[in-house]
Amino acid sequence: MRPVLEATGLGVRYRRTWALRDCSLSVPAGRVAALVGPNGAGKTTLMHATAGLINPDRGSVTVYGEAAFMAQDKPLYDGFTVAEMLAFGRRLNPGWDDAAARSRLRALGIGLDGKVGKLSGGQQAQVALTLVLARHPDLLVLDEPLANLDPLARHDVMRSIMAEVADRGLSVLLSSHVVSDLEDTCDWLVVLNGGRLQVSGDVEELLAEHRVLSGPAELADGVAARTRVVSATGTARQVTLLVRGEPVLDPRWNVRPAGLEELVMGYLRSPDSAALPGLAGVTG
Ligand SMILES: Nc1ncnc2c1ncn2[C@@H]1O[C@H](COP(=O)(O)OP(=O)(O)OP(=O)(O)O)[C@@H](O)[C@H]1O
């Protein structure tokens, strides 16, 4: 598996606060990696370090190829026309592919003469995406590209990111707070929590390794002795457990596969749990 992104012992500090601590991960090329975590988890910091916008205080981060970063507040000027934004991009980026940018916008029905500020949120997101894609990056780093978009626009933007991945073999790292937006599109999952890496892995493999059990609370200790309990919720009588590892055969448990959102929530609820290749696996 050829990596497109590798971090080793990555640590970033803003004055006295460590925004990222001891993060080691490897994302294979050609993947669409979802970066999720609560506010302040360090997602933007990881993206900035990946894009070379900040230098690590500890460890290292390596991109195999060129990374192009799209910031959360999309880098557009409302008073510019779309054509002027393209001219701006062309001046700033030596490897700029103007023909590709124009044909992408044409296919999306976005005219070059309109003012950026007059476009819908979805169209602005598409223009911003066109500006980073025209640089022909190997890794597209997108900080909340779907924020403030309605469900239809979110779907359209995700679909056009997927089309670029399929056409060009591009790799993507994108952050989002809405896990359900990522469910059908992302095939790699990275979970950050409080500056620490909790999960990094193939989505299908992670889903296959995890199960949700519901049943009587008094059975929980027995499960914990045999399988790895990532997190537990419920009442004194009835519990729901996210577990990783061996199937649980006891018929008193209701067992079902974990969805992506449940898996993410389960880890976020238990910051000491981790699912990382090469480490000890689930702890806590
Ligand atoms: N420029 C900065 N100066 C000081 N502290 C910062 C700076 N940028 C981020 N931080 C702090 O670093 C931590 C991680 O922030 P970061 O923006 O990377 O998180 P995030 O996961 O992207 O959050 P959000 O989901 O809210 O965008 C937070 O505690 C934040 O307050």
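Analyst: This is a predicted model. By class, the shell around the ligand consists of seven polar, three nonpolar and one charged residues.

User: Which residues are around the ligand?

Analyst: They are Tyr14, Thr17, Ala19, Gly37, Asn39, Gly40, Ala41, Gly42, Lys43, Thr44 and Thr45. Strand S2 (17-28) and helix H1 (43-50) are the elements that give two or more residues to this shell.

User: Which element gives the largest share of the shell?

Analyst: Helix H1 does, with three residues.

User: Changing topic, what does UniProt say about the chain?

Analyst: An unreviewed UniProt entry carries the annotation "domain: ABC transporter" for residues 5-219. Over residues 5-219 the chain is 31% helix and 31% strand, and the end C-alpha atoms lie 42 Å apart.

User: Now helix H4, please. How far apart are its end C-alpha atoms?

Analyst: They are 18 Å apart. This agrees with expectation, because the 13 residues of helix H4 (residues 121-133) should span 18 Å at 1.5 Å a residue.

User: Why is H4 described as largely enclosed?

Analyst: Twelve of its 13 residues are buried, so the rest of the structure largely encloses H4. The buried residues include Gly122, Gln123, Ala128 and Leu133.

Technical notes
Residues are numbered from 1 along each chain as its sequence is written. This is a predicted model: local features need pLDDT of at least 70, side-chain atom pairs count only at pLDDT 80 or more; totals for chains, interfaces and linings use all residues. Helices (H or I, at least four residues) and strands (E, at least two) are DSSP runs, numbered from the N terminus. The expected span of a helix is 1.5 Å times one less than its number of residues. A residue is buried if 20 or more other C-beta atoms lie within 10 Å of its own, exposed if 12 or fewer, and partly exposed in between; C-beta atoms are placed from the backbone. A residue is near a molecule or strand if its C-beta atom, placed from the backbone, lies within 6 Å of it. Ala, Val, Leu, Ile, Met, Phe, Trp, Tyr, Cys and Pro count as nonpolar, Asp, Glu, Lys and Arg as charged, and the others, Gly among them, as polar. UniProt positions are given in the numbering used here, feature names are shortened, and annotations may be inferred rather than shown by experiment.
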